[in-house]
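Please open the model in your viewer and keep the selection panel at hand. The stops below are arranged so that each selection leads to the next.

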Amino acid sequence: MIIDGKKIAAKIREDLKKKISEFKFSNKMVPGLSVILVGEDTASKIYVKNKEKFSKEVGINSQVIKYPEKIDEKTVLNKIDELNKNSEVSGILVQLPLPKHINKRKIIEKILPSKDVDGFHPLNVGNLSSGYESNIPCTPQGCFLLLKEVEKNLNGKHAVVIGRSNLNGKPMAQLLLKENCTVTITHSKTKDLKSECIKADIIVAAVGKPKLVKADWVKKDAIVIDVGINKTESGIVGDVDFEEVSKTVKAITPVPGGVGPMTIACLLKNTVECFKRANS
Ligand code: NAP
């Protein structure tokens with residue numbers, strides 16, 4: 001089974017659109033998302049443009065605040081403060097990476113946890129790892145929803161997460177743990193990655209190494225979620241050798257068209273949840 005992230009993300013957006021038009025009808029209010037973009041990074045500009053496009057599509061009031069590369073940290077912090085206080089702003093996102101002279105941690109910590117739609121604020125990270133309600137980072141949340149499309153009950157499954165970044169690997173592991181999986185987190189210092197993967201019922205690869213996961217690393221009937229986006233001469237590929245691995249496994253996400261579309265869908269979902277909590 002090829003897990004169609006595009007289709008599942010479109011369904012999430014359709015549901016959000018309905019919910020938002022209901023809010024509009026009942027209290028004349030809609031969720032608002034403010035995105036701060038610093039500098040001219042090409043990939044960041046594309047991501048922000050897509051976030052804006054899909055926000056508008058579902059009816060979220062979206063605003064992009066652009067600053068030049070050389071902007072000082074204080075101006076960005078002051079802007080976040082202003083957005084924190086603005087009741088029309090349900091969610092705030094600062095597009096990463098930031099220029100080196102801006103302290104990423106300070107910026108993330110300045111965003112009100114209740115408006116932190118990326119789920120990167122330490123309070124949200126702590127709540128997720130304690131099993132409490134929190135804003136869940138968008139990409140791992142998307143992976144999790146894709147997984148649940150294939151397998152409703154993850155109880156006792158052995159999951160191997162490849163990669164331990166704050167963005168992907170660590171929150172992914174927490175989500176799987178919360179669902180009673182036995183979780184192994186692997187990384188660049190893991191001694192024998194193949195022998196870890198071969199035991200897995202679920203593999204989530206978030207590495208950034210083209211086709212790292214080979215067919216003989218994967219158990220028959222495993223579910224494989226590929227987060228990787230790698231530019232190669234033959235186009236964009238994931239961290240999994242899709243052509244070979246897809247022949248044996250129970251289910252797998254393609255790249256592109258798997259996890260990618262889910263990331264933005266989950267950002268919109270987080271924005272709507274922040275709005276609901278603020279207005280309940
Ligand atoms: P990252 O911060 O660079 O983290 C990569 C992780 O992989 C690190 O934990 C690293 O280990 C580990 N690693 C590196 N080489 C390894 C190896 N040979 N064996 C096992 N582990 C290895 O990357 P990231 O931000 O999590 O992103 C990972 C991938 O996902 C990238 O391709 C990125 O473009 C993609 N991505 C996709 C989406 C989406 O929407 N689909 C969103 C975000 C990112 P150490 O900790 O030991 O260094």
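**A serine in a strand**

The side chains of Ser 34 and Gln 63 form a polar contact of 2.6 Å. The model is a predicted one, and the tour begins with this pair. Select Ser 34 and display the strand around it: Ser 34 belongs to β1, which spans residues 32-38. Its relative accessibility is 1%, so Ser 34 counts as buried, the limit for that class being under 20%.

Leaving aside residues up to four places away in sequence, Ser 34 touches Gln 63, Ile 65, Leu 83, Val 89, Gly 91, Ile 92 and Leu 93. Within this set, draw a distance between the C-alpha atoms of Ser 34 and Val 89: the separation is 6.7 Å, although the two residues are 55 positions apart along the chain.

**The aromatic pair**

How many aromatic pairs does the ring-pairing rule count? The count comes to one. Select Phe 23 and Phe 275, whose ring centres are 4.9 Å apart and whose planes meet at 50°, so the pair is tilted. Colour the two helices as well: Phe 23 is in α1 (residues 5-27) and Phe 275 in α10 (residues 259-278), so the pair ties together parts 252 residues apart in sequence. Both Phe 23 and Phe 275 are buried.

**The ligand and its shell**

Now select the ligand and the residues around it. The shell holds 21 residues, and the closest are Arg 164, Ser 165, Asn 168, Ser 188 and Thr 263. By class, eight of the shell residues are nonpolar, 11 are polar and two are charged. Keep α10 coloured, as this helix gives the most to the shell, with three residues.

- From a ligand oxygen to an N or O atom in the side chain of Ser 165: 2.5 Å.
- From a ligand oxygen to an N or O atom in the side chain of Arg 164: 2.7 Å.
- From a ligand nitrogen to a polar backbone atom of Val 227: 3.4 Å.

Of the 940 Å² of accessible area that the ligand has on its own, the protein covers 70%.

**An asparagine beside the ligand**

Finally, select Asn 168, one of the closest residues to the ligand. Is Asn 168 buried or exposed? With a relative accessible area of 14%, Asn 168 is buried, since the class requires a value under 20%. Asn 168 sits in the loop that joins β4 (158-162) to α7 (169-178). Its contacts, not counting residues up to four places away in sequence, are Thr 139, Pro 140, Ala 206 and Val 227.

Note on methods. Residues numbered from 1 in each chain as written. Predicted model: local features only at pLDDT ≥ 70, side-chain atom pairs only at ≥ 80, totals over all residues. Heavy atoms only, no water. Helix = DSSP H or I, 4+ residues; strand = E, 2+ residues; numbered from the N terminus. Buried < 20%, exposed > 50% of the residue type's maximum accessible area, 1.4 Å probe, protein only. Contact = heavy atoms within 4.5 Å. Phe/Tyr/Trp six-rings, centres within 6.5 Å; stacked < 30°, edge-to-face > 60°. Near = heavy atom within 4 Å. Polar contact = N/O pair within 3.5 Å; in protein donor to acceptor, adjacent residues only side chain to side chain. Areas by Shrake-Rupley, 256 points an atom, 1.4 Å probe, with all protein chains shown as cover. Nonpolar A, V, L, I, M, F, W, Y, C, P; charged D, E, K, R; others polar.
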